[in-house]
Amino acid sequence: EGNRALDIAKLAAQTGHITLDDGYANTGSTASRITFVDGEKGVLRYRGYRVEELAERCDFTETSYLLIHGELPSAEQLEEFRTNVRQHTLLHEGMKQIFAGFPPDAHPMAILSSVVGALAIYCHDSLDPADEEQQELAIYRMLAKMPTIAAFSYKQSIGQPFIYPENRLTYCQNFLQMMFAVPSERYEMDPAFVDALNLVLILHADHGQNCSTSAVRMVGSSTVNLFSSISAGICALWGALHGGANEACINMLEMILNDGRNLGKYIDKARDSNDPFRLMGFGHRVYKNYDPRAKVIKEVCHRLLENHGQEDPLFELAQELEEVALNDSYFVDRKLYPNVDFYSGIIYRVMGIPKNMYTVLFALGRLPGWIAHWREMHLAPNMRIHRPRQVYMGHSERDFVPLIKR
Ligand code: SDX
């Protein structure tokens with residue numbers, strides 16, 4: 001695909017120099033065969049397949065298989081994968097006590113990273129990444145239990161009873177049921193929401209060496225178990241500059257709406273280098289064109305709102321904001337376009353998903369990507385612990401000063 005790189009594996013040994021690249025904007029951390037992103041053209045492919053086509057023709061479980069195993073599954077392989085995932089959807093009953101210990105206003109991302117980390121306690125027979133069988137079992141358990149943990153964290157936050165997974169349902173049906181069903185009533189699943197959730201999870205499934213995937217690889221390179229590596233990825237994703245931007249974007253749109261839809265004021269704030277305010281959901285380290293995922297998500301917003309006879313003032317506002325920004329030199333000069341987080345919150349609003357769960361949905365989508373990269377790293381013949389160098393800029397050696405003299 002025309003990627004060009006300088007292999008500097010012997011640079012320090014041969015020249016006594018290292019490279020320095022804050023934020024790794026110019027540094028490749030690995031060679032990978034999973035996802036291709038062309039930031040200039042706005043292209044995203046999983047294992048060679050265009051993400052738009054996968055979102056249209058696959059479901060999330062099939063896409064997860066593709067990312068993790070590298071090929072689209074046959075009907076038999078897919079059925080076996082689905083069955084293996086379904087068998088592990090329950091949590092150990094003891095894990096429910098962990099949820100009970102969290103206060104009602106605990107952020108679901110903090111709950112998710114904590115309880116996923118606790119899987120290393122309850123699933124202690126699948127911790128060794130070097131053992132193929134344990135690795136495979138850990139992958140099924142992680143894929144299967146994430147929706148359950150995510151839904152339980154929501155139920156805990158609203159004081160409703162946990163709804164257990166039902167293995168006759170698909171991955172997305174199961175998640176929606178665990179999120180919104182209550183024991184006292186029959187839950188009517190909206191097929192349009194199931195389709196929208198499948199599509200959104202597929203669009204979030206992987207994106208190369210982004211911050212959270214790099215965190216999973218970094219932590220996983222110490223040969224710690226999959227659950228602890230994924231917990232680290234969840235923590236990285238929560239940041240507002242990364243996956244937390246979907247929640248931050250809706251907060252920003254609500255703020256602008258409540259401030260008299262004063263778009264100009266916020267565009268000026270975003271342009272002002274002395275003002276920390278940024279347009280959430282805008283800009284990207286790699287995309288210097290429209291994020292292809294944002295295009296699809298925007299279309300789904302239109303379709304969902306229309307089909308449900310709803311209008312969302314935030315969606316109208318987001319489109320106006322996009323229009324103004326894309327005609328403003330500050331954004332045009334810096335090639336700042338809407339990214340995956342700009343419209344995704346609108347879809348979640350239509351589905352009745354609360355704001356503090358938006359990044360949890362991002363984590364649910366990104367999980368197969370994190371797993372695929374963790375597995376690719378462990379299968380690589382030359383896997384080494386990740387340990388970057390530094391340029392030391394601190395004090396030279398100096399004499400100790402006793403407390404009495406300070
Ligand atoms: C995701 O890496 C991935 O692949 C991530 C992701 C994935 O799928 O994993 O795609 C998901 O995290 C999407 C990004 C979600 N984050 C946001 O929407 C937060 C808002 N965006 C920015 O903070 C920013 O654009 C980043 C963090 C996304 C990218 O930051 P970079 O690459 O470090 O770019 P930068 O901060 O150096 O910005 C370059 C210039 C700066 O201006 P100058 O110093 O040149 O004058 O653009 C400006 C920035 O101030 N800028 C913005 C801006 N984003 C960049 N100005 C206003 N609003 C913004 N959103």
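Helices here are DSSP runs of H or I with at least four residues, numbered from the N terminus. The model is predicted, so local features need pLDDT of at least 70 and side-chain atom pairs pLDDT 80 or more, while totals for chains, interfaces and linings use all residues. Residues are numbered from 1 along each chain as its sequence is written, and side-chain values use heavy atoms, with hydrogens and water left out.

Let's start with a helix pair. Helix α17 (residues 340-350) packs on helix α18 (residues 358-379) at about 110°, with axes 10 Å apart; axes are lines fitted to C-alpha atoms over the stretch in contact, and angles run from 0 to 180 degrees between N-to-C directions. That makes the two roughly perpendicular (65 to 115 degrees). In α17, V340, D341, G345, Y348 and R349 touch Y358, L361 and F362 of α18, contact meaning heavy atoms within 4.5 Å.

Now for the ligand. Around the ligand sit 23 residues, with H207, H284, R285, R293 and R366 coming nearest; a residue counts if one of its heavy atoms lies within 4 Å. As for polar contacts (N or O pairs within 3.5 Å), ligand oxygen atoms lie 2.8 Å from a side-chain N or O of R278, 2.6 Å from one of R285 and 2.6 Å from one of R293.

Technical notes
Angles under 35 degrees count as roughly parallel, over 145 as roughly antiparallel, 65 to 115 as roughly perpendicular and the rest as oblique. A polar contact is a pair of N or O atoms within 3.5 Å; within protein, one must be able to donate a hydrogen and the other to accept it, and residues adjacent in sequence count only if both atoms are side-chain atoms.
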